[in-house]
Amino acid sequence: MKKVICLFFCISLFLSCSNKKEVVIPNDVLSIEKMADILVEFQLIEASVNLNIANYNRHLIAGSVPINNSVFKNNKTAKEIYKRSFDFYTKNPPLLIEIYKLVLTNLSKMQATVNSEKDSVAIKP
């Protein structure tokens, strides 16, 4: 999560010095929403590994092909399409910022839901 926030601010700083122009997203590139969904899933996996929620060796799971493939399968896309899309968005920082804003929004909503559920559970002494 810290990496996402840091990346977001770095890109924001970079964009504050650039000219604004309209960019058309090609048909062979994932939508902003779909990219955000995929990045959210990757962030959740990374967080679970970092928190050691899953009982896996961190070195074995980082960059794991089966995990990456499951993310792409869950989002009905392929690694090649994701890579092409990621390359496109990194060359278009204003769009990448939109994606990361959406990622942060989605993760914040998830966190709020979890916190709300925790608060609603009665703890018996």
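Trainee: Which residues do ring pairs link into a cluster?

Mentor: This is a predicted model, and a search of the whole structure finds five aromatic pairs. Ring pairs join residues into a cluster whose members are Phe42, Phe72, Tyr82 and Phe86.

Trainee: Is the pair of Phe72 and Tyr82 stacked, edge-to-face or tilted?

Mentor: Both Phe72 and Tyr82 are buried. Their ring centres lie 5.4 Å apart. Planes under 30 degrees apart would count as stacked and those over 60 as edge-to-face. The planes of Phe72 and Tyr82 stand at 40°, so the pair is tilted.

Trainee: How many residues apart in sequence are the parts that this pair ties together?

Mentor: Phe72 belongs to helix α4 (residues 65-74), whereas Tyr82 belongs to helix α5. The pair therefore ties together parts whose separation in sequence is ten residues.

Trainee: Are α2 and α5 roughly parallel or roughly perpendicular to each other?

Mentor: The axes of helix α2 (residues 32-50) and helix α5 (residues 79-90) come within 11 Å and cross at roughly 105°. Angles of 65 to 115 degrees fall in one class, and the two helices are therefore roughly perpendicular.

Trainee: Which residues in α5 are met by residues in α2?

Mentor: By class, this contact has eight nonpolar, one polar and no charged residues. From α2 come Ile32, Met35, Ile38, Leu39 and Phe42; in α5 they meet Tyr82, Ser85, Phe86 and Tyr89.

Trainee: Which residues does Leu44 touch, not counting residues up to four places away in sequence?

Mentor: Leu44 is in helix α2 and, at 40% relative accessibility, counts as partly exposed. Its C-alpha atom is separated by 8.6 Å from that of Leu107, 63 residues apart along the chain. With that exclusion in sequence, Leu44 touches Leu107 and Met110.

Note on methods:
Residues are numbered from 1 along each chain as its sequence is written. This is a predicted model: local features need pLDDT of at least 70, side-chain atom pairs count only at pLDDT 80 or more; totals for chains, interfaces and linings use all residues. Side-chain values use heavy atoms; hydrogens and water are left out. Axes are lines fitted to C-alpha atoms, for helices over the stretch in contact, and angles run from 0 to 180 degrees between N-to-C directions. Helices (H or I, at least four residues) and strands (E, at least two) are DSSP runs, numbered from the N terminus. Angles under 35 degrees count as roughly parallel, over 145 as roughly antiparallel, 65 to 115 as roughly perpendicular and the rest as oblique. Contact means heavy atoms within 4.5 Å. Ala, Val, Leu, Ile, Met, Phe, Trp, Tyr, Cys and Pro count as nonpolar, Asp, Glu, Lys and Arg as charged, and the others, Gly among them, as polar. Rings of Phe, Tyr and Trp (its six-membered ring) pair if their centres lie within 6.5 Å; planes under 30 degrees apart count as stacked, over 60 as edge-to-face and the rest as tilted. Buried means under 20% relative accessible area, exposed over 50%, partly exposed in between (1.4 Å probe, protein chains only).
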